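Here are some notes for a colleague who is opening this structure for the first time. Please read them with the model at hand.

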Amino acid sequence: MAEAATLQKTAHGAATQHFDVIIVGAGISGIGGAYHLTTQRPGTRYCVLEALDSFGGTWLTHTYPGIRSDSDLYTFGYRFKPWVGPPIATAAEILSYMGEVIEENHLAQHIRYKRRISAARWSSKDRLWTLEVTGPDGVETYTTNFLWMCQGYYRHSVGYTPEWPGMADFDGRIVHPQTWPADLDLRGKKVVVIGSGATAATLVPNIAGDCAHVTLLQRSPTYFVPGRNENELANTLRQLQVDEAWIHEIVRRKVLFDQHEFTRRAIEESDTVKAELLEGVKMFLGEDFDIAKHFTPRYRPWRQRIAFVPDGDLFQGVASGKASVVTDEIERFTKTGLLLKSGETLDADVIITATGFDLSVLGDIAFEIDGQPLDFAKTVTYRGMMFTGVPNLVWVFGYFRASWTLRADLIGDFVCRLLAHMEQKGKKQVEVALRPEDKDMKIGSWIDPEDFNPGYLMRNMHLLPQAGDKPEWRHTQDYWTEKDLFPTIDLDDAAFRYS
């Protein structure tokens, strides 16, 4: 069987399981990677190591009310598996879709759950990665020729909550959406949701019907796009009885074209796009609502992620009076709620901190290269997926302005092509290195803050690899270019070093 491991013995006599490729993570990227290996590299001995007890990643760990995508599923879905539901999907719908991919492609045999990697050590002598893994029955050891990191980019175990004065004084409950308690009952409670991003925008309308009242407290506003949760082009094509595979491809291309054009306009015609976005909010809240204060961000559109609000549910909740918005900063927590810097107070029984997450670079695994601890922040990234001085490893880091899975699919093709190229050359090791023509290249941060600057990146930029000012040495965030560029990457370019 393709997934069978080669068993070896360590110096201490313990069994070591060897695979050609190990995929880390069984979320949207890891399941996609498994599909690409299965279909493009049949016969590859590989496994997927997943710390949780099932597949799904984000869509499994996040259980707060209303959890849904903020990208449309025609592009967040895989290119090889048609999406047939509404564009904005619930976690349950996404998990069902991923389950179908696993079943249809017989991927379950390759996935090993409840396996948490604590250390990964590369040996140039053996040209192997050795992984220390905690499994259901204790510590396990794996070796692999190639590591495919698909574990995402944030810490699943706990979300990010700022430290505010007086938090210990609050008599109510403080909850982060990422670790939503199963026993939390909001019926009849006064609730404050702190935050202004997609999570807050999802939570507020989904709990407003149960709460006595819910208040969205934000330090500064975010851009949103309200609209119907359906795709008219897809509906028309279904009326014409077009095959679902064709519908998926046609609608996907149309959405991607529209997104690319919207991004261009957000940069080049930012005032016009800003006015259009605010007009969409005004349609729900009317002329008398203070949109300038509560829904007009300080930055141009697309400098941070723009969330889609299906059917304008957030704004409908505010318009109905079941929810309200306060734009202010927290002075401190009190016994009964919050004191704001304006002097206003907000009473609360429950405070929900929808304040983001902590970035986790490559799964908080302790990496070593030939016995030396690896500091990823001192490496330079090749197209946001490989790193100088780190052999036989590729990381999936998706797009901010487009669906994550678009890049996961592109990288899946790249990895399979790279593995085939190494096989053809008879080489066991590949790493990237700056070329002679790059010696005077300016080196800077992973992402240009003037281009994209959400809080979770700004807080954690020091953890991420560095980037150059040439496209090869940065994560460009430009799917429209990369969809044509990735298939043509010259694997014999001087940036690739084989041995």
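Which residues in helix 1 meet which residues in helix 11?

1. In helix 1 the residues are I28, S29, H36, L37 and Q40, and they meet W404, T405, A408, D409, G412, D413, C416 and L419 in helix 11, where contact means heavy atoms within 4.5 Å. By class, this contact has 6 nonpolar, 5 polar and 2 charged residues, with Ala, Val, Leu, Ile, Met, Phe, Trp, Tyr, Cys and Pro counted as nonpolar, Asp, Glu, Lys and Arg as charged, and the others, Gly among them, as polar.

2. A word on the basis of these notes: this is a predicted model, in which local features need pLDDT of at least 70 and side-chain atom pairs count only at pLDDT 80 or more, while totals for chains, interfaces and linings use all residues. Residues are numbered from 1 along each chain as its sequence is written, and side-chain values use heavy atoms, with hydrogens and water left out.

3. Helix 1 covers residues 28-40 and helix 11 covers residues 404-425, and the two pack at an angle of about 35 degrees with their axes 9 Å apart. Helices (H or I, at least four residues) and strands (E, at least two) are DSSP runs numbered from the N terminus.

4. The second largest pocket is lined by 28 residues, with D72, V225, V255, Q259 and F308 lying nearest its centre. A pocket is, on a 1 Å grid over the protein atoms alone, an open set of points where a 1.4 Å probe fits, with protein on both sides within 12 Å along at least five of seven lines; lining residues have an atom within 4 Å of a point. Helix 7 (244-268) is among the elements that each supply at least two lining residues, as are strand 12 (224-227), helix 6 (232-239) and strand 13 (307-310); the largest share, 7 residues, comes from helix 7. By class, the lining has 13 nonpolar, 6 polar and 9 charged residues.

5. Helix 7 is also the place of H248, which is buried, with a relative accessible area of 1%; buried means under 20% relative accessible area (1.4 Å probe, protein chains only). Leaving aside neighbours within four places in sequence, H248 is in contact with L73, Y74, Y78, R79, K81, P82 and W83.

6. V430 lies in strand 25 (residues 430-432) and counts as buried at 0% relative accessibility. Not counting residues up to four places away in sequence, V430 touches several residues, including F146, M386, L418, M422 and Y498. From C-alpha to C-alpha, V430 and G412 are 17 Å apart in space and 18 residues apart in sequence.

Technical notes
Axes are lines fitted to C-alpha atoms, for helices over the stretch in contact, and angles run from 0 to 180 degrees between N-to-C directions. Buried means under 20% relative accessible area, exposed over 50%, partly exposed in between (1.4 Å probe, protein chains only).
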